[in-house]
Amino acid sequence: MSAPDNNQADNIIEARGLTKRFHGFAAVSEVDLDVRRHAIHALIGPNGAGKTTFFNLITKVLQPTEGTIRFNGRDITAESPAAVARRGIVRSFQISAIFPRMTVAENVRIALQRPVGTSFHFWRPESSLDTLNGRVDELLDAVGLLSLRDQTAAGLPYGRKRALELATTLALEPELLLLDEPTSGLGGEDVDRIADLIRKVSANRTILMVEHNLSVVSKLANTITVLARGKVLAEGTYAQISTDQRVIEAYIGGEE
Amino acid sequence: MMTLLGISPQLLFGQLLIGLINGVFYAMMSLGVAIIFGMLRIGNFVHGAQYMLGAFGAWYLLHLPDLFPGLGLPSLGYWWALALVPFAVGLIGAGMERLFIRRVYDLEHAYGLLLTVGLAMVIEGLFNVGYGAAGQQYNIPDSLKGGVNLGFMFMPYYRLWVIVAGIAVCIATWYTIERTKLGAYLRAATENPDLVRAFGINVPRMLMLTYAFGVGLAGLAGVMAAPIYQVSPQMGQSIIITIFAVVVIGGMGSISGAIFTGLMLGMIEGLTKVFWPQASTTVIFVIMAIVLVFRPAGLFGKETVAAHAADMSTARPDSILENGKLWLVILGVGGAILPFLVYPVFGMKMLCLALFACAYNLIFGYVGLLAFGHAAFYGSSAYIAAYTAASWGFPTEIAILSGVAVATVIGALFGWLAIRRQGLYFAMITLALAQVVYFYAIQAPWTHGEDGIQSVPRGYLLGVIDLSDNMNMYYFVLAIFLIGFAAIYRIVRSPFGQVLKSIRENEPRAISLGYSTERFKLLAFTLSAMLAGLAGGTKAIVFQIASLADVYFMTSTDALLMTLIGGVGTLLGPVVGAVIVVTMQKEFATLGSWVIVVQGTAFVLCVLFLRKGVVGTLEDWLAARAERRRIAAGGEPAAIARGAH
């Protein structure tokens, strides 16, 4: 492949011809997708459109059947999930991904710990990680969890778990943040809180999110890609998408 | 006479025939194990015992008049056995499913394996009590006596019958599962039991029948095997580990794969007997290792789903029971007093096994990987320490360290092979790999086979302190134990330990944070092997012997039992478990063969009623008491306090 030219440099992710087949069924089929740097880019689409599969392909949880993924111009198609995470692509999960029996502070610290480089040091005491506490507290404060720092994560209410997950994800200083339905299962107040948080953390960062809640999408996203049956149906701003006849048929009119 | 590579065709075809017959049994057995594993997610370790029940069933039917004299019962021959015994064994299987196995469906998969290990110990132990190690003769039925000369070899009719009938049974089973409506229901029930239940199908009954069917197949194999092999209580124990390896090689989710792999491996084993007899006992395990490197999902297995680690830990990190520094002092003081209360050699046995269990707990409790082959590390270190001390005159401490070094290397190698698979597969793989070490120890000249390495000198510590004095030896062992205990505490509470914890709690999330979790698991596994080696090497010096018992899989089982009784994933659990198990073994030593039955029963009871172990249960009680006190003092119940903001 050719070296990235200047046009491409503005794209943090470039997926080309991305396809994933499960036993002949194409969950994602020949998807081309560019994610611009510092954008909040939303993926929407009816159930089964392939959004989560696409996410799993980008984060290499699944290996694409065909196609390539470039991150900052570098081909990452063959890399492992952990390697991709170390490059700065960090994801959240549909179900809240926390470490339930670790404390709130430990949940965040585990993410901060990796860059320190002592993660294989089995002979060092845990107190060697105390230097991270300041940053842990900053992150917890940002998501409003500082007062709960020594609680066990399992005991948090659902909305707080999502906030904790976000704090853990942010601890990695990801260049690209992938959020899989960040507001699913949340009540009204919590939805607003998480939406505000996403906006807050989007500064100097790129966010690619799957989201069902269209009001959240309309408020946050600069670019929206509509997936249906594993293919890109339309792409544009919320105004463009919401008046697109195909989208209305396939998605808004069709199902919800 | 025509020869092939200097080998007569009689020998070649004769061994191939024996291989094919073994292969038929492997196929029938691994078919049953694969069905039970696939449909019920149970690693049916008791399958070997059920196969043995089939063989004994046939033998019983033949000896009915001797067993129940005076009732005028007839002696029922082979064909009766073939018709009746599989049903009887299947019925026993149904009973076992009802009474025991059903209770663990919803638990971590590890419990299913532990439960069936316990049941196998009970059944095989009982038969061992009744019949000892000696095998019973079962004659080939008259109608199948004799054979046919094929020109290049003599083919006994009975063997021909076994091959034809065995393969026919396998194909019929394959057809039923893959091609009939009943099979479709079964496969559907595996995927989504709730949905199948919604169709109005009684899923629990279906699972029970599936289990009974798999067990019946083992019973049938047992009847067919009775005239070929000796009918003995041990016949199932030796085959089950091979069967697990066959299932790993074949891969999950393919019925035809299990059949084909079984037949093929039997033949390969037969060929190995011709060309390299010494390797024939291990060839299947070596093939398994090679397959794991190149096709981790097995030859016919489908893409593996990333299973989660078994989180069975019951510890609360801030509990007083988890305060390692405090307990290190308490154990140090208690340990120092112990030899004045009990015989020092008994105390040393406790310490060695406690360290072994602690090492095992590091991988099972703190990483959540059900390793089942720690005897390989314990035993190989024991052999190396014994050999270097006895034959090369190594100083005691260097001999032990040599053992530790070898155990560490073997641990790293086995870990590298096994770490990509999880859950039951991990257990089966480590079990099979450990078996390679066991067979090596049987055959290698320097380990002295059944005798083991005896009269190992205890030597002098640092060339000064005479370790042949039991008290001196005891305090040396106590020091080693405390170092090991402290090391494990440090590992668990280190930056590395934090990552291990996160892997156990939520592995996909740990990966998404950028941790290559397999490398962490591999290091933990290697450290666990190293510490198990420390226990094994020390044991060899204390008891001045290294023997086959040290590398036998029952030693791995001991580690599991101690950890389980004491409390998986707790700091003190393995120590408490070791004290209980060692005391139990001593108290029941006079019962002879019954010890295995007692231990098996302890396994079953623990899995059913004491899953959290002694320490875990105590932990729960402490937590509940603290909670009651807090509420009595006017605090809110924890769940609500956490919910408020």
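**Figure legends: views of chains A and B**

**View 1. Burial of residues in chain B.** In chain B, 54% of the 645 residues count as buried. The structure shown is a predicted model. The secondary structure of chain B comprises 27 helices and 4 strands.

**View 2. Overall dimensions of chain B.** Along the principal axes, the C-alpha atoms of chain B fill a box of roughly 80 × 65 × 60 Å. The radius of gyration of chain B is 26 Å, which agrees with the value near 26 Å for a compact globule, because that is the value such a globule would have with 645 residues.

**View 3. Contacts across the sequence of chain B.** This view concerns contacts in chain B between residues at least 6 apart in sequence. Of these contacts, 80% join residues that are at least 24 apart.

**View 4. The open sheet of chain A.** Four strands of chain A form an open sheet in the order β2-β1-β4-β5, and their pairing is antiparallel. At the edges of the sheet are β2 (25-36) and β5 (74-75) of chain A, each of which pairs on one side only.

**View 5. The pairing of β1 with β4 in chain A.** Strand β1 of chain A spans residues 11-22, and strand β4 of chain A spans residues 66-71. These two strands pair in the antiparallel sense over 5 bridges. Opposite A:Thr68 in β4(A) stands A:Arg16.

**View 6. Helix α2 across the strands of chain A.** Helix α2 of chain A, formed by residues 51-58, lies across β1, β2 and β4 of chain A. The helix runs at about 65° to β2(A).

Notes
Residues numbered from 1 in each chain as written. Chains lettered and ligands numbered in written order. Predicted model: local features only at pLDDT ≥ 70, side-chain atom pairs only at ≥ 80, totals over all residues. Pairing = 2+ DSSP bridges. Contact = placed C-beta atoms within 7 Å. Axes fitted to C-alpha atoms, helices over the stretch in contact; angles between N-to-C directions. Rg over C-alpha atoms; globule rule 2.2 N^0.38 Å. Buried ≥ 20, exposed ≤ 12 C-beta atoms within 10 Å, placed from the backbone.
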